[in-house]
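Please walk through the structure shown here, moving from its charged pairs to the surroundings of its ligand and then to its surface.

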Amino acid sequence: MKGYNKKDGTKTSAFGSPGRINHDSTPFYTSRLYENLPKEEVVKYTENAIPFQNLDKIFNKTSEKMDELPDNSVHLMVTSPPYNVGKEYDENLTLDEYRAFLKRVCSEVKRVLVPGGRVCINIANLGRKPYIPLHTFIIEDMLNLGFLMRGEIIWNKASSGSPSTAWGSWLSAKNPTLRDIHEYILVFSKGMFSRENCGRKSTISKKEFLEFTKSVWTFSAEPATKIGHPAPYPVELPYRLIQLYTFEGEIVLDPFIGSGQSAIASIKTKRHYVGYDINKDYIKLAERRIKEISNFNTQNKFEFEGEKK
Ligand SMILES: C[S@@+](CC[C@H](N)C(=O)[O-])C[C@H]1O[C@@H](n2cnc3c(N)ncnc32)[C@H](O)[C@@H]1O
């Protein structure tokens, strides 16, 4: 078989795709394609404790400075940033200003993450005339900050019903318009690919692992009216990322926490959370929802779409 040597295992093939048995991918990863991309660093794992009074808290301030969190103290950042599209919390920034703002937050995130800590950014693209590929700009900025990119998940929201009818010219090639039924979750890590577990255990089931390691996820969006926030994501989204990327008892940061969905997913998975939001009312909403969930009778097992499959 081409590319397969019984003794050495498979090698990246110059033609076609060989099977993958003890695959030696060194030729691919040392190729010139990787020349200008961030590289894995050899660093000693360090983890600093977050002061007790700052844990399981939401801070009412901008996440551009997160002084409450020491360097190397957070295991996962999961968030959906403000999109700068005229929601009540959005500022009317130019694309360059918006990118600079997100870069300030992400460089703080880099400081507070432990080596190998993960970043998951949920983002949708905007507009049609022309289309703004926000996810592309964010990837570029994250690479410039030195993050290692791990992949992108397409969140298929098609099951959410009432699809948009903004299809442009109906049944005509004059100006048909694509109707996005997906968003992205961009995944990065700081410095290293692998994570130290420091004696903590994974809580993901086999069924979840098989499902969550796929690059297309299908589950419904969360209605804003049900939650009382203009743009909540479903708890299912941070739940999957927490299960996949952290160990029990670890710390999840959401620098734009809104209605508190990331905190709720953290509580359900026995992780700690820290959140930031500039809007006092959203923080009140999040705190009320967190209290409700914390009082939830532990006899009731939380069930997620991922678990049902
Ligand atoms: C897309 S929403 C996040 C929604 C959240 N994922 C949820 O499920 O409810 C973005 C949030 O970022 C907050 N925000 C905007 N600018 C901020 C800043 N500079 N620092 C912290 N939070 C900010 C907004 O108030 C809003 O609640």
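**Salt bridges, ligand and surface**

In this predicted model, glutamate 183 and lysine 157 join their side chains in a salt bridge, with N and O 2.7 Å apart. The two partners connect distant parts of the chain, since glutamate 183 belongs to strand 7 (residues 182-189) while lysine 157 sits in the loop between strand 6 (148-156) and strand 7, 26 residues apart. Glutamate 183 counts as buried because its relative accessibility is 11%, whereas lysine 157, at 21%, counts as partly exposed.

Glutamate 250, which is buried with a relative accessible area of 0%, takes part in a salt bridge with arginine 195, where the closest N and O atoms are 2.6 Å apart, and in a salt bridge with arginine 200, at 2.7 Å from N to O. Arginine 200 lies in the loop between strand 7 and helix 4 and glutamate 250 in the loop between helix 6 and strand 9, so this pair ties together parts that are 50 residues apart in sequence. Through shared partners, salt bridges join Glu47, Arg195, Arg200 and Glu250 into one network.

Around the ligand there are 23 residues, of which Thr62, His229, Tyr233, Ser259 and Asp277 come nearest. An oxygen atom of the ligand lies 2.6 Å from a polar side-chain atom of serine 259, and a polar backbone atom of tyrosine 233 is 2.9 Å from an oxygen atom of the ligand. Taken alone, the ligand exposes 610 Å², of which the protein buries 97%.

Methods
Residues numbered from 1 in each chain as written. Predicted model: local features only at pLDDT ≥ 70, side-chain atom pairs only at ≥ 80, totals over all residues. Heavy atoms only, no water. Near = heavy atom within 4 Å. Polar contact = N/O pair within 3.5 Å; in protein donor to acceptor, adjacent residues only side chain to side chain. Areas by Shrake-Rupley, 256 points an atom, 1.4 Å probe, with all protein chains shown as cover. Salt bridge = Lys/Arg side-chain N within 4 Å of Asp/Glu carboxyl O. Helix = DSSP H or I, 4+ residues; strand = E, 2+ residues; numbered from the N terminus. Buried < 20%, exposed > 50% of the residue type's maximum accessible area, 1.4 Å probe, protein only.
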